[in-house]
Amino acid sequence: MTLVEPDRTAPHSAVRVAAVGDIHLGEGCAGLLRPAFETLPDCADLLLLAGDLTRHGSVAEAEVVAGEVASLGVPVVAVLGNHDHHADAPDDVARVLRDAGVHVLEGDSVVLPVDGHKVGVAGVKGFCGGFVGRSAGEFGEPEMKAFVRTTRHSAERLAGALAELTEHGCAVRIALTHFSPVPDTLAGEPPEIYPFLGSYLLAEAIDAHGADLAVHGHAHLGTEHGMTAGGVRVRNVAQPVIDHAFALYRLPLDGHRPGASTASATPSDSVPLPDRYAHH
């Protein structure tokens, strides 16, 4: 966990959360999203990046991403996605982003100050497996057991990170993943690939420890809005879904936890967006 002591200024009534995933930046994309991201201090308190930040997970692509989000004036918190693992160098990708000031999470958490309040983000990439009634089981061949065990371990790490946020008395708690915790936000994707887009084990971890918002990406053809069985609002912020440089959500800071109220996505019509979303 990374803990930053909150400043002691007059509190806001809500924390403003900007979020986007699946930006898939390549080596020729420098400056593509920077103009939109530079507006963040005027409208958001933090930026969440929900994985698949690069095309193929190379260090050179990670350096492009780092240039887009460095020194924005708001904290940036990220998890990696499957694309960011493709070159088998996720540690190098994470290092490049951390060197640019990004909090890169994988089974851990960060607590950020927002005008006298603690805002906590617990993050993990997550993995596949499917959803209740149509999910893979940790049974049979070693390959199948290893596949499901990867998801279970990921969910356990998310649960532990969320528990840390509760212990630190965060006014707002957010779960950040790349893979989806619920099938709701996959609507629009072919049902046959749902098991490869997320796992119900992530939702069980979120419901077990509580959150005010769960944010994920990965499902390019999905839908934005969903909810866990326990009533936690879920948002798919894959850029092809939100169709903007980022989506903006407001979470109340008055101790009331009705879930995430959605503000309008910040327009970025004047900013060209990557047109590369054919693959998960």
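Colleague: Which residues in α5 do Val59, Ala62, Glu63, Val65 and Ala66 in α3 meet?

Modeller: This is a predicted model, in which local features need pLDDT of at least 70, side-chain atom pairs count only at pLDDT 80 or more, and totals for chains, interfaces and linings use all residues. Residues are numbered from 1 along each chain as its sequence is written, and side-chain values use heavy atoms, with hydrogens and water left out. Contact means heavy atoms within 4.5 Å; on that basis, the α5 residues that the α3 set meets are Asp92, Val93, Val96 and Leu97.

Colleague: Is α3 roughly parallel or roughly antiparallel to α5?

Modeller: Helix α3 covers residues 59-69 and helix α5 residues 90-99, helices being DSSP runs of H or I of at least four residues and strands runs of E of at least two. Their axes lie 9 Å apart, at an angle of about 25 degrees. Angles under 35 degrees count as roughly parallel and over 145 as roughly antiparallel, so α3 and α5 are roughly parallel.

Colleague: Against which elements do the buried residues of α7 pack?

Modeller: Helix α7 runs over residues 200-209, and its buried residues (under 20% relative accessible area, 1.4 Å probe, protein chains only) include Leu201, Leu202, Ala203, Ala205 and Ile206. Just after α7, glycine 210 takes a positive phi of about 85 degrees. The partners of the buried residues are β7, α6 (142-167), β10 (172-177) and β11 (213-216).

Colleague: Which residue takes a positive phi in the hairpin of β6 and β7?

Modeller: β6 (residues 108-114) is mostly covered, with 5 of its 7 residues buried. It pairs with β7 (residues 117-124) in the antiparallel sense over 7 bridges, where pairing needs at least two DSSP bridges. One of the bridges joins proline 113 to lysine 118 in β7. The hairpin has 2 residues between the strands, and the one with a positive phi, near 50 degrees, is aspartate 115.

Colleague: What is the relative accessible area of asparagine 236?

Modeller: Asparagine 236 belongs to strand β13, residues 233-236. Leaving aside neighbours within four places in sequence, asparagine 236 is in contact with Thr185, His216, Gly217, Ala219, Gly222, Thr223, Glu224, Val241 and Ile242. Asparagine 236 is therefore classed as buried, given its relative accessible area of 0%.

Key:
Buried means under 20% relative accessible area, exposed over 50%, partly exposed in between (1.4 Å probe, protein chains only). Axes are lines fitted to C-alpha atoms, for helices over the stretch in contact, and angles run from 0 to 180 degrees between N-to-C directions. Angles under 35 degrees count as roughly parallel, over 145 as roughly antiparallel, 65 to 115 as roughly perpendicular and the rest as oblique.
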